[in-house]
Structures are given as structure tokens and as C-alpha cells.
Amino acid sequence: MAMRFRTFLRHVREGFKNIFRNGWMTIASVGAVTTTLILVAVFLALVLNLNEMAKSIEDDVQINTMIDLTATEDDIIELGDKIEQIEGIDSVSFSSNDDELQKLIVSMGEEGEAWHLFEQDNPLNHVYIVRALVPEDTERIASEIAEFNYVDQVNYGKDVVEQLFEFNKYARTIGLALVIALVFTAIFLISNTIKITIMARSTEISIQKLVGATNGFIRWPFFIEGLLLGVLGSIVPMAVILGGYYYLYTNFNDQITFSFVEMLPFNPFAWQLSLMILGIGAIIGIWGSVMSVRKFLKV
Amino acid sequence: MILMKDIYKTYGNGVTALNGVNVDIEQGEFVYIVGPSGAGKSTFIKLMYREEKPTKGSIIIGDTDLSEIKERKVPYLRRDIGVVFQDFKLLPKMSVYENVAFALEVIEESPKSIRKQVMEVLEVVGLKNKARSLPSELSGGEQQRVSIARAIVNHPKIVIADEPTGNLDPDTSWGIMKTFEEINARGTTIIMATHSKEIVNTIKKRVIAIEGGIIVRDEQRGEYGYEI
């Protein structure tokens, strides 16, 4: 039977009233939601940022192929063609010794001024900068390039890159596992708290049934109440994320000066995360509440 | 209207409450259920609004056979039966007004009509000035009257009351009885379990006496018949 709109309004009103009627129980539930969601939010922000940073570092890994000083222009072009034919190559770009010197000067800042002296007689090699399609292929590609003629040296920060990949692999798995564990703990804790608040109301439910209320009629206000508990519990975590992330982003992102490592931008990341927290809160609230009521409806 | 055939009821703990009960109650009757404590009066009453199911036998209310009714249809049955519970069964966190209004919200009456009917019935039971109070702020007698108001507010065909005057002072009791007689005069069937000799012997109605799970006496305009 379709519910009349005014009955739906009645359920919404009852849901709101229940929030106040249950005073301390409401505070306990909202408190549980708030605490766990703050943990989830902070952790998610951390993991997602680290993940992003790791990814950008990985993506930044490049193979510097120093070209032998004796190579002619044709040799260099031939070498470039050969490199491009290796499997798993994303891009190959040529950087002349003059470009390399300019980069060096810029990266050294004021001390780099002295290097201008070398502009007349450049001691640097021409370089092919190679990127792998998949960062993990870097080592294989580097060793293949090293076999070619006119390759003076292949440079990709072997040890650092390998350790980084290894570290990232573990960090991601552990981070993901922790987030999942945390979300489950949150669901468990919150739905338990809500369950307790509803168990205290089993008489209430049985009375409603005796007076002729259908299960749906009884369930609706609880549904609304659960939703409200979840939403109320999300307010502080959202504020923490928005405020905290804004503070960190504006104050620290500029200090992290490695060009390749950046925090995820406040907009949209912090907003997206907040919405996600709100969603998790609402779903957990409804779920905990509806699941608990279900038990008592079999009177 | 209400037809019980060969009703047996044995609880899970082995206690037999009813042991072959046959009753036929017509629409518009006023019936007292009397008998000593533990005789089976409450079970008899609970069967009618299906808080309990009989172990054996059939109960027909109107044109509904309670032994065949589907679980999800039970709420609709209960809407045609107003029940005044011995322990009131009020919703503790709702005001007097909200408790009575609940019975009308369930049948999806309009808010305007709910307000009108609730105030009217609270007037009848003399609790108009306590509409905003919570049950915990009321005396036992007042709570009983809220329970009565809730039972009669949607004009059910049958009102069942388990000791409705048990906790009330004599004046209030007579007031309640007057209310019952009034709604009975409008054609509502009233079934009332009671221990009040005075009421049964003064307002003469049909008396069904239950002892040891069977009906031992069923008389029109009967007497209470027990010494207190």
C-alpha cells in the first residue's frame, strides 16, 4: 500500500522528535559516529595523499641515457629509434648538452652562476630522457638500453627507485588494509551503539504493534532517525577535514618544494572526502538503525 | 461477531491456560469476564487481538478467521479492536496527546481530524489539561484513562479492556464505566475483564465466568458471583 505523503511527513517529524526524546542515547550514538569518522577521515586523507605522492614519484622516474661523446648526429638518431622500439616505452625525448647545462644551472640556484663558464666548452653529454609506460619496467628497459652502441651510461637511481617501488607496494597494501579495517570497525561500533539505543526501545516497538501499526509504519521513523544520527555524527569530522586540510594545504604544501611531490589540492579533494564521510555516516546510521529494528518487529 | 470454537491454549512452559472454550458474542454486546486470578481471563482476551495464538481451535472475528490470517494482516485486525491494557502499554517518551494520536496516525487520518478527535476523547476521559504530560508524570489512574482514550479514539467495532478500573478510585471508575456504556450504546462491542463486584452487580450485563481454563458460567444480566 502506498504511503500517503502526510504520513511520510509524520515519519520524518517522528524521526526528528526521537532524536530529542532519546537525549543521552542520541549523544552516545552521535559521539560514536563522530569519533570513528574522524579516524576514518584523517586516515583516508593521509593514505590517499601518500598514495598520490608515491604515484607521482613513480611516474617521475626517468632513465637518463648519456650518449657517448663520440657519437655523430646520425648515430644519435639511430640510437633514439632503437630505444623507441623497446617494449613498454612511454616517451623518449632528446636533451642536448646545452639544455642539460641550463637545467643544471637553474637547479643549483645562485651557486649555479659559476657554471655559466662552461657554456663555451660544455663537458656534458647529450641525453635521451626515457620514461617507461609502467614504472616497474624501468629496470628492464634501462638494462636493454645499456646494451646499445654509443651509450655512455644509463642512469635511473637504481637503488632508490627499487626501494621506492618496494616501499610503495607495502605502504599501499597496508594502507588499504588499515582503511578497510577502520571502516569495518566504524560500522561495527556505530551500529552497535545504535543497536543498544534501539534495544532500549523494544517495548516501544511492541506497543506500536499492539496498537495496529504495520512494520513499515514503525520502521520509517527509525530509518529517518538513523539517517539523522549518521549525518549529525558526520558534521564534526567534515569540519575537521575541511578546516584541518585547508590549514595544512595552505601552510605546508608550499614548503614541500620537490617539484614532483604535492599534496592533493584542497579543492576538490577535501570536499570530495567530506562528502564521502557524510555518505559513510548516513549509510552506517541507516543500516545500524534498520537492522536493529528488524529484530524487534517479529512480535 | 466474535466466535470461539474449542479453544485450547497451552504455553511453552507447559501451563494450560484455556481448556476447551466456546463463546459467541454478538455485535453490540457488553460482556464482563470474571473469575479468580490465573483462571485464564487474560489469555482469553489476548487471543482476540492475536497477541497470543490458540494451540487448538478457531477464533472468528467479524468475517476474519484468526487462525488463517496472514502475519502482515494482523495490524489491520488490531485497528478494529481497541485494547485497554492492564499495564497501560503507553509509549513512555510520547506525551498523552501523542499516545492517543498514534492510533489515528496508524490509520493515516489527516492531521486536522486527528487533532479534533484526540481532544474530544481526552475531554471524555477528563485529561484534556494533561495533553502535554508524559505518562511518567501521571498517576496510575490517569495512565489507565490515556490507555482507554487510545483504545476508543478511532471508534473500533470492539473494545477489549483488561481490568480497566483496577487502579482507579471509585469516582473515576464510575466515570470510565459511563464512557464504556456510552460507546456501547453507539453499537460498540465491549469485553471487559474485571474483579470489581460492585461494577458487575450494579451495571448489569452479560457475565462470563472462567475458572481453570473453562467457562463455568455464562448469563445475561449476571452477578459477579465471587466473594472478594
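Q: Two strands pair if DSSP finds at least two bridges between them, so with that settled, how many bridges join β2(A) to β3 of chain A?
A: There are 6 bridges between β2(A) and β3 (residues 127-132) of chain A, and the two strands run antiparallel. Strands are DSSP runs (E, at least two residues) and helices likewise (H or I, at least four), numbered from the N terminus. This is a predicted model, in which local features need pLDDT of at least 70 and side-chain atom pairs count only at pLDDT 80 or more, while totals for chains, interfaces and linings use all residues. Residues are numbered from 1 along each chain as its sequence is written, and chains are lettered from A and ligands numbered from 1 in the order in which they are written.

Q: Which residue is the bridge partner of A:Ile89 in β3(A)?
A: The partner of A:Ile89 there is A:Ala132.

Q: And what is the strand order in that open sheet of chain A?
A: The sheet has 4 strands in the order β2-β3-β1-β4, with antiparallel pairing. At its edges lie β2 (89-95) and β4 (151-155) of chain A, each of which pairs on one side only.

Q: Changing topic, how many residues of chain A are in contact with chain B?
A: On the chain A side there are 13 residues, in contact with 16 residues of chain B, where contact means that the C-beta atoms, placed from the backbone, lie within 7 Å.

Q: Which elements of chain A give two or more residues to that side?
A: Those elements are α1 (5-21) and α7 (202-210) of chain A, and α1(A) gives the most, with 4 residues.

Q: What about chain B itself, how many helices and strands has it?
A: Chain B has 7 helices and 10 strands. Its radius of gyration is 17 Å, close to the 17 Å that the globule rule gives for 228 residues, so chain B is as compact as a globular protein of that length; the radius is taken over C-alpha atoms, and the rule is 2.2 Å times the number of residues to the power 0.38. Along the principal axes, the C-alpha atoms of chain B fill a box of roughly 45 × 40 × 35 Å.

Q: What share of the contacts in chain B join residues at least 24 apart?
A: The share is 68%, counted among contacts between residues at least 6 apart in sequence.

Q: Last one: which residue takes a positive phi in the hairpin of β9(B) and β10(B)?
A: That residue is B:Gly212, with a phi near 55 degrees, in a hairpin that has 2 residues between its strands. Strands β9 (residues 206-211) and β10 (residues 214-219) of chain B run antiparallel and are joined by 5 bridges, with B:Glu211 opposite B:Ile214 in β10(B).

Key. Two strands pair if DSSP finds at least two bridges between them. Two residues are in contact if their C-beta atoms, placed from the backbone, lie within 7 Å.
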